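Student: Please take me through the aromatic rings in this protein. I would like a close look at how they sit with their neighbours.

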Amino acid sequence: MSNQNNNHEYYERWTRVERYQHWILAVSFIILVITGFALKYPEAAWVQPLLLLEGQFALRGWLHRIAAVVMVMLSCYHIGYMVFTPRGRFLLKAFAPNRQDWADLKDNFRFLLGKRTAPPEFDHFSYMEKAEYWALVWGTVVMSVTGFLLWFENLALKIFPLWMMEVFTVIHLYEAWLATLAILVWHFYYVIFNPDVYPLNQSMIDGKMSVHEMEREHGRELARLRAESMVPLEEDAEVTPKEISQM
């Protein structure tokens, strides 16, 4: 992190509960990716150590199912959090697409093409963050539905013809590839490899963003907070849920 990021004024970006949700999702997702591809491609060299561990026990399958259940339970909790808490409703409103996203997209392309001197300023979530969030929601629904249909195949065959199981398998596989590549290429670039945040965007660790980071990534929100006379939080200051919901 550059010295510019190490000033002593911070805004709370993520609450503790939201960071827990993120890291539970990250761990369950990684386990699903590793075990899922290990089940699909058992001949791969990197899968061989897992096969040695399995013996007579279907380690890959059980880990895959346990991680899937954890992700589904987390998704149910997340829906409740977003619908029934003030902070969740604030985030849900902030994630909603609007006309400004289209204007920001066009301005960002103009900046990347050298037709604009500065990138656009973003609000609490940029159009890129919104796209990533709703892609995650869509991917979770698709993977959960197809995954459980494949898990409980005998029950699914009472409803769907056999050829539909092949369709569910193909959808499950290619959505897995799409989700994995999106995380490796898109998400990892924005939180790790982007020169502005390298070696790591730490907001999902301590929940905070410095004023410099806010200016760079959420300038429109920072301007609004300043206009509303919101005072930046001092380092290590505790923020109550009420204060967060008002941000």
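Tutor: Start with a charge and a ring. Arginine 13 lies over the face of tryptophan 14, at 5.3 Å from the ring centre. A charge sits over a ring if NZ of Lys or CZ of Arg is within 6 Å of the ring centre and within 35 degrees of the ring normal. Lysine 208 does this too: its charged end sits over the ring of tyrosine 10, 5.7 Å from the centre.

A word on the model. It is predicted, so local features need pLDDT of at least 70 and side-chain atom pairs count only at pLDDT 80 or more, while totals for chains, interfaces and linings use all residues. Residues are numbered from 1 along each chain as its sequence is written, and side-chain values use heavy atoms, with hydrogens and water left out.

Back to tryptophan 14. Trp14 belongs to one aromatic cluster with Phe95, Phe125, Tyr133 and Trp134. Now for pairs of rings. A pair of aromatic rings is described by the distance of the centres and the angle of the planes. Rings of Phe, Tyr and Trp (its six-membered ring) pair if their centres lie within 6.5 Å; planes under 30 degrees apart count as stacked, over 60 as edge-to-face and the rest as tilted.

The whole structure holds 14 aromatic pairs. One of them joins tyrosine 77 and tyrosine 81, which are stacked, 6.4 Å centre to centre with 20° between the planes. Both tyrosines lie in helix H3 (residues 59-84). They are 4 residues apart, about one turn of the helix. Helices (H or I, at least four residues) and strands (E, at least two) are DSSP runs, numbered from the N terminus.

How covered are these two? Tyrosine 77 is partly exposed, with a relative accessible area of 45%. Tyrosine 81 counts as buried, at 10%. Buried means under 20% relative accessible area, exposed over 50%, partly exposed in between (1.4 Å probe, protein chains only).

Next, phenylalanine 148 and tryptophan 151. Their ring centres are 5.5 Å apart and their planes are at 20°, so this pair is stacked. Both residues lie in helix H6 (residues 127-151), 3 residues apart, about one turn of the helix. Phenylalanine 148 is partly exposed, at 28% relative accessibility. Tryptophan 151 is partly exposed as well, with a relative accessible area of 30%.

Finally, the setting. The protein chain has 12 helices and 3 strands. Of its 247 residues, 35% are buried.
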